[in-house]
Each structure stands twice: as C-alpha cells, then as structure tokens.
Amino acid sequence: MSTSTDVTARPQPPSRHDTGDPVIRVQHLRKSYAGTPAVRDVSFEVRRGEIFGILGSNGAGKTTTVEIVANLRQADGGEVEVLGVDPSRHPAYVKERLGIQLQESTLQGKITPREALRLYAAFYPDPEDPEVLLRLLGLENKADTPFDNLSGGQKQRLSIALALVGRPEIAILDELTTGLDPQARRETWGLIERVRDSGVTIVLVTHFMDEAERLCDRLIVIAGGVVAAHGSPAELTGATDGGRAFRIALPYGHTPTALGLEALAEVTSITPAGRAWMITGTDRVLPAVVLALSEQDVIPDEVQTQARSLEDVFVELVTTPQESS
Ligand SMILES: Nc1ncnc2c1ncn2[C@@H]1O[C@H](COP(=O)(O)OP(=O)(O)OP(=O)(O)O)[C@@H](O)[C@H]1O
C-alpha cells in the first residue's frame, strides 16, 4: 500500500531557499458543491522552497482548492500538477511527498501525540522519527498526554507534526493559528520558518493578513472562488490600499514647497497637519521623500506612517521589483 510504482526515483531534498522550479501548478480550477460553485477559476504556481499564502475570507474556496491539490477532493475542471504529476492520476506519489494539516483534527480524544505520530508514520515508507518531531514542535512534555487534554496550541502543533511525519517536500498548513493566543501564534510562525529553512515548501492557508505579511514570500487572495490578487505581501498591500500616506514634521524654516517635494513623481498630495504635513503618494512615496530630504541635508523631526512601519516600506523597496505605475 505504501509503495508507488507510477513515477521513478524520489527527488533529492531541496536545499535551503532553493526557490525556482514550480512544485505546484494550478490552472483554471473549478469545483461546485451540489450545483453551487465554491471555486470558479483559480490559477497559481508555488515555487520550491517558498512559503506561499492562500488568503481569503471564510467560504472563499481556500480549503476546497488545497484539498484538490492534495487529492482529497476531485475537481470539476481545470488542471492541477504537483511535483510534475496530476495528483488524481498518481495519488501514491503525491501522498508520499505532500503533507497536509487539516483544518479540524479528527483525532480520537484518548490518543497521545506520541501514539498519533507513530500511527501516521506507519503510512509512509520513509517517515520522520516521531521523537524528532515531538522535539521540533516542543511537544516532548506532552508526548503521552491524551489529545483531549492538550491546549489549543498543542493540538495545533501536533497537527503540524502529523503533516510533516511523512517527510514531505511540500506541506500544506490550513488555518495554522486560528484560535491561538498572540504568543502561541508568534511561536508557531517561528516554527514554520524553521520548517521552511529545513527545505520544505510551505503552502499556508489563512485569513490573517498579518500572518501572511510576516511569513509568505508570495500569495494569492481568493474571493468568491476566483483569484482577486496575487504577488508578494508588499506588492499586494501597495496594490490594495491605493497608495501610501504619512505625516512628516520638518525642521524649523523648511517647507515641502521650498524643498521641492511637490515636484516628486511619487507624491500626489501635501496638506498641512498642525506643525507637520500629511503627504500621500505611490507605494514608494516615503523613501522618495526621505531621499530628497537627505540629498538636501534635511533631517525630518518626525515621520509617522499611517498604516505601515518605516521598516515595512523599506522591506518592500528591497523585495519589490521596479515597476512603473
Ligand atoms: N463538502 C461540502 N459540501 C457542500 N458545500 C461545501 C463543502 N465544502 C465546502 N463547501 C462550501 O464551499 C464554499 C467554499 O468552502 P471552503 O471550505 O473551500 O472555503 P474556505 O475559504 O476554506 O473557508 P474557511 O476559511 O471558512 O474554511 C463554502 O461556501 C462552503 O460552504
């Protein structure tokens, strides 16, 4: 039951951040339930070594999409390729190489994390050592505690461990941090980055923008069963908020007009705000203004971004390819 004869040798584990070749390709995916469309037209590509986000509100079609990728549901139309094969035609090949953390755990109340991991490990030809996963996910002290007595965060970490037990090349994590407290969420984010750094490509299904912004290299937003937007978190934030605004206080005697800020291509408006000014513009307006000021040896007294931190803007500058707007 555990061998796959349909495809030849298992590929070498990817090296750290070995991004590039697509490991998942989805083209014009469609799926209805009893005549009601859940996924209307979804296309995306996940590259090896990245954390790829699938965002969307409740009922948008995220889980349906990833469950088709994992061959847990059948599509009505479109094409899906996982590691070069159609999952519905090569189920064993995909099952051995793709792990999925399901949204709701179906584990029995009395089973312990150690038992569950050993049970799931038995389904794979070359599983990860359950003890290694218990350590990786910080569950050593709860290894023999019945599932029902675990906290929400511990149950969540166990479900991630179960997705990783087959030593997958791709792990799909669905609603990773729903129901976790802020500290547990942050710990889980760190864990996901460690898993990615170990060479696993991660598909993260979430409706938390902060989670996607922190973790994802690229993402799609699904709304009403179609892809409403795609790109890096920075590209998306820039694309959806229609530009940026910030408040800036200049040293005594300086005005935006005298400094030529109104003439910058990135600036769309400058309005007085008390002793300071509100400046709006494209997603590059802040670095453009700061650069113009520094070229004139003017150091602002205060800069306050309205929705994003200065750091976010500079991270965006570094990661976003140059585009004309
Ligand atoms: N087995 C099913 N039978 C009938 N309808 C379903 C089934 N599974 C999902 N749906 C419906 O399909 C739509 C998309 O559901 P899906 O679970 O894919 O969305 P989602 O984006 O993952 O939502 P959530 O964030 O709430 O999990 C929803 O309207 C849902 O009610």
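Which residues in helix 3 meet which residues in helix 5? This is a predicted model, in which local features need pLDDT of at least 70 and side-chain atom pairs count only at pLDDT 80 or more, while totals for chains, interfaces and linings use all residues. Residues are numbered from 1 along each chain as its sequence is written.

On the helix 3 side, Pro-113, Ala-116, Leu-117 and Tyr-120 meet Leu-158, Ala-161 and Leu-162 of helix 5, contact meaning C-beta atoms, placed from the backbone, within 7 Å. The residues of this contact divide into 7 nonpolar, no polar and no charged. The axes of helix 3 (residues 113-121) and helix 5 (residues 152-164) come within 9 Å and cross at roughly 20 degrees, which makes the two helices roughly parallel, a term for angles under 35 degrees.

Around the ligand stand Tyr-33, Ala-38, Gly-56, Asn-58, Gly-59, Ala-60, Gly-61, Lys-62, Thr-63, Thr-64 and His-207, each with its C-beta atom, placed from the backbone, within 6 Å of the ligand. Helix 1 (residues 62-69) gives the largest share of this shell, 3 residues, and the shell divides into 3 nonpolar, 7 polar and 1 charged, with Gly counted among the polar residues.

At the level of the whole protein, the domain assignment gives domain 1 (22-237) and domain 2 (244-319), whose centres, taken over C-alpha atoms, are separated by 40 Å.

Definitions and conventions: Helix = DSSP H or I, 4+ residues; strand = E, 2+ residues; numbered from the N terminus. Domains from an automatic or database assignment. Axes fitted to C-alpha atoms, helices over the stretch in contact; angles between N-to-C directions. Parallel < 35°, antiparallel > 145°, perpendicular 65-115°, else oblique. Contact = placed C-beta atoms within 7 Å.
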